[in-house]
Amino acid sequence: MKFRYLLTGTLLSGAVLLSGISTYAATVETAGVAAEGITIESTEASSDQAPAAAENNTHIEVDENAKIPDGVYAGSISLGGLTVAQAREAINDYYKNISSSTFTVDANGKKILTTLDELGFTYDAGTIVEEACTIGQCGGLISRYKTLMDLRYDKVVVPVTHSVDTALVTEFVKDKVAVADTPAVDATITRDDNGDFVVTPHTTGLTTNQEATVQTILDAVNNQLAANMEVKATVEVTEPTCTTEMLEAIDTRLGTYSTSYSSSASGRKTNIAVAAGYLDGTVLLPGQSLSVSETIKPREPEYGYAIGGEYLNGETIESYGGGVCQVSTTLYNALLQAELEIDTRYPHSMLVSYVEPSFDAAIATGSKDLVFTNNTGNPVYIASSADGATLTFSIYGKEYRPSNRTIEYESVVVSRTTSTPKEVEDPTQPTGYRDVKGSNHDACTSYLQKNIYIDGKLSETVRFDTDYYQASQQTITIGTGAATTTTAAADTTAAASSTESTAAPTEAPTEAPTTAAPEETLPEGVDPPEDDE
């Protein structure tokens, strides 16, 4: 049996009597009737199955002039009494007003503006209107009657599906919101003319949690949609790596050491001052390491280095950076006093004059370096001074060792063979001719030993690696040929043996003393071959 119900607006033709409720009008014709507005057709196999079949097999045709029942809303928009066309226009106007209005993201006080249109806002007005039209028009007679009666006392809200493009929101947060982030700035420390430390306080940074901010925008659009919306970005405070409090803890000189270079040539003095300057003021945080060779830059003129003399294969050569090994050696001894962790250290190939055996630390680009780590648990500050005569390094930090504990280092020489000059007679040179090349360096095997004292009594000894220093021999060529009419007895080259030693550095319980090694005795401007960069 076929039923056709004429449903125009909220008016229904015909009558159906229901016990205990008002009369419901409807026209029922077994052949069907012509209708305007919304036409609902239902096909049933038998009259007793009609209600269920009508619920499940309903086809709706919507006329643009059909009116929506009173009490029907699309979100907050009242559609009651509007035609389909009017309802669609009302919905479009409403959402276009919202999507084109300003959408603001507050990033810790900084306002970033956009619109929902720019974030890919979408909605489906057609689906909303179609669903609104079906209210009270679908289902069996009783179901439809009940819905229409309910609308007299309460409203029915059609949910509105709308969204923004997550990819566009993510891009907006990254490119427009997060760019307002401010990085944290570390505290800094310097020394004034009186040697006192001056700390510049740190500042915290602000970082946008981009994932959380994207979700905040999506949630606001889904749950609180309105014109001229404003949401807060999720902004997190970031702490600097080096804080004011960390640097203010630097109050003790943990170790210091000095060597002399007053007799060095001008170029070598320049190189020592330049390399020491690159290290001066360096702050190492707990766990940080430092490479001396990298820190003092390539030994080239563009970095301030000059020509300095040095030894290579027993002979004197001129090269940029000659003298920097005295810088690494002096720093090494200050580090020993401060008891920082030494990761990498190399001895020279030959003995040097400004420290005892095994107290040296050679550097050579690509092959030798001095690398150490701050293992004190607090920042350390490296200070250097090079006044043209004395080179000094000091390590400052927070004292971390017991006051009743002291240390001292000693150079333990296992074997040492004295090198003496070799004289060579040259009959092609006249009598009185004398040419000196190279210098004498003893062959030496040694190691460094650390003695630890508690309350003045030796508690522990620590032996460092064994070092092997090769010998070099000075060659003196003497002329034995016939004397010439002119006397040529002047030396063409002068070089002296470098075999002096210096006392091992010591440390006081609360502050390591300044320990200076004796003046070097190498020829002016000359260093071992490790200084050849």
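This report describes salt bridges in a predicted model.

## Basis

In this predicted model, local features need pLDDT of at least 70 and side-chain atom pairs count only at pLDDT 80 or more, while totals for chains, interfaces and linings use all residues. Residues are numbered from 1 along each chain as its sequence is written, and side-chain values use heavy atoms, with hydrogens and water left out.

## Salt bridges overall

The structure holds ten salt bridges. The term means a side-chain nitrogen of Lys or Arg within 4 Å of a carboxyl oxygen of Asp or Glu. A network of these bridges links E339, E399, R401, R405 and K450.

## K111 and E230

K111 and E230 form a salt bridge through their side chains, at 2.7 Å from N to O. The pair links distant parts of the chain, 119 residues apart. K111 belongs to strand β10 (residues 110-115) and E230 to strand β17 (residues 230-232). Strands here are DSSP runs of E, at least two residues, numbered from the N terminus.

Relative accessibility is 44% for K111 and 47% for E230. K111 is therefore partly exposed, and so is E230. Buried means under 20% relative accessible area, exposed over 50%, and partly exposed in between (1.4 Å probe, protein chains only).

## R345 and its partners

R345 forms a salt bridge with D360, with the closest N and O atoms 3.0 Å apart. Both residues lie in the loop between β24 (341-344) and β25 (371-373), so the bridge ties together parts 15 residues apart in sequence. D360 is buried at 2%. R345 is buried at 18%.

R345 also meets D467 in a salt bridge, at 2.9 Å from N to O. D467 lies in strand β32 (residues 457-469), so this pair ties together parts 122 residues apart in sequence. D467 and R345 are both buried.

Notes
Helix = DSSP H or I, 4+ residues; strand = E, 2+ residues; numbered from the N terminus.
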